Amino acid sequence: MHNSIQQFMELGIKKIEKVVGNFMSDEEMNVGEFVLELGKPLQELQRKIIAETIEGIDEVYRNSTYRTDRYVIERSNDLNTFMSTCGEISYKRTYFKSKETGEYTYLADQACGITKNMRKSEDVVIEAIKHVADSSYRISGEHAVNTEDVISKQAIMKDVHSLDIPALIPPVKTKKQVKVLYINADEDHVSLQFNKKKGDLKVGANGYKSNTIEPRLACIFEGVEKESENSKRNKLIGKHYFAGVYKKVDDIWEEVLEYIDTVYDEEYLEAIYIMGDGASWIKGGVDVLGAKCHFVLDKFHLNQAIMRAIGHLEDSVADARTAIYDGISFEDKESVKKVFEIAREWADSDNKREQIRRTRVYIENHWEA
């Protein structure tokens, strides 16, 4: 570090004086450009201090008795570079061989946390991720470094995809006491350009690429209330969201269970209702959340299925829908079955008749729900 500061005193100060002089003499140069130009010699000093410090650590290892007892020098002056927020750092280090294991290592890199094939330091990754939440990978790569260097959008994407983000559970001093919790669960469908690299999508027997993933989504809440006294709109009470591409079916429910254990008084809690379209992973939440949990077929998916089946009845749609809901409310399977039989008689294609059959089976399979 002493050499870096000495060089800065000799050369860096002159560069700063030159920038100051240019600003004072150039009428078109604004203060923003002045700030940016002034930062360049300071960033150069940062780079030199970092490189000299790592090389200093390397020299300590080369001259220490600790090293001579355990390692022999295999090679000297191996060049390495990585990108930091102050620009590219270049330095030289020594390659050592362990007397005990025969393994090779750069002890200075190991001491500084510089891993094999590391192309950028953690400060660059942190800066890039700050930007990627609000902009594209390309723009994040342009703003990850304070110099004119640019990190590729592929490198930024790799850093983001490698993040292991823990579930966020708010700190709780006193657990909430509520009698009922509700959980809405569903999945989304997201199209991929590739899995890990371009061209790696598999093509199925039907000739279509398998390029869809299904993030799972859940919202837990304590009830519903009006947004205001005179409002027609409602809002959820105490809502909390869960979402992600989970590796195992039960992972999202384990996350939900941990949240409930942390936030709510389970002794006071009487029931948990999971509402969804009846997908197996959604109903599987009942097994994870325990005996107080029950699955309920949500009204949105139920109504969607019914309307697809009876939409062709035109003026009689409202009557048919009412009859189906009445049959469900009064637990009268036969009356529901009769409505679908009438709808089937008025269907004008095999596809429509098959859709009606599937809807009837869908309701029968989820009758308890």
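1. How many residues apart in helix H14 are Arg-353 and Asp-350? They sit 3 residues apart in that helix, which runs over residues 350–365, so about one helical turn separates them. Keep in mind while reading that this is a predicted model. The two side chains meet in a salt bridge, at 2.8 Å from N to O. As for accessibility, Arg-353 is partly exposed at 24% relative accessible area, while Asp-350 is exposed at 59%.

2. Staying with H14, a quick check on its length. The helix has 16 residues, and at 1.5 Å a residue they should span 22 Å; the end C-alpha atoms are 22 Å apart, so the two values agree.

3. Which residues of H14 are buried? They are Lys-352, Ile-356, Thr-359, Tyr-362 and Ile-363. Looking down the helix axis, you'll find these buried residues within an arc of 120°, so they line one face of H14. Note that a lysine, Lys-352, is on that list. The cover over these residues includes strand E12 along with helices H11 (299–310), H12 (317–329) and H13 (333–345). On the face turned away from the buried side, the exposed residues are Asp-350, Asn-351 and Asn-365. Asp-350 is the salt-bridge partner of Arg-353.

4. Strand E12, part of the cover on H14, belongs to an open sheet of 5 strands. The order is E10-E7-E4-E11-E12, and the pairing is mixed. At the edges stand E10 (240–244) and E12 (293–297); each has a single partner strand, so one side of each has no neighbour in the sheet. From one strand to the next, the twist averages 20°. E12 pairs with E11 in the parallel sense, over 5 bridges, and Met-275 stands opposite Val-296 of E12.

5. Back to charges: there are 14 salt bridges in the structure. Lys-179 counts as partly exposed, at 41% relative accessibility.

6. Which strands hold Glu-225 and Lys-235? Glu-225 is in E8 (residues 223–226) and Lys-235 in E9 (residues 234–237), so their pairing ties together parts that are 10 residues apart in sequence. Their side chains meet in a salt bridge at 3.7 Å, N to O; the cut-off for calling one is 4 Å. Both ends are partly exposed: Glu-225 has a relative accessible area of 37%, and Lys-235 comes out at 37% as well.

7. Last, a residue in helix H8: Glu-258. Glu-258 is partly exposed, with a relative accessible area of 45%. Between Glu-258 and Leu-289 there are 31 residues of separation in sequence, and 9.7 Å in space, C-alpha to C-alpha.

Methods
Residues are numbered from 1 along each chain as its sequence is written. This is a predicted model: local features need pLDDT of at least 70, side-chain atom pairs count only at pLDDT 80 or more; totals for chains, interfaces and linings use all residues. Side-chain values use heavy atoms; hydrogens and water are left out. Buried means under 20% relative accessible area, exposed over 50%, partly exposed in between (1.4 Å probe, protein chains only). Helices (H or I, at least four residues) and strands (E, at least two) are DSSP runs, numbered from the N terminus. Two strands pair if DSSP finds at least two bridges between them. Axes are lines fitted to C-alpha atoms, for helices over the stretch in contact, and angles run from 0 to 180 degrees between N-to-C directions. The expected span of a helix is 1.5 Å times one less than its number of residues. The arc is that of the directions from the helix axis to the C-beta atoms. Contact means heavy atoms within 4.5 Å.
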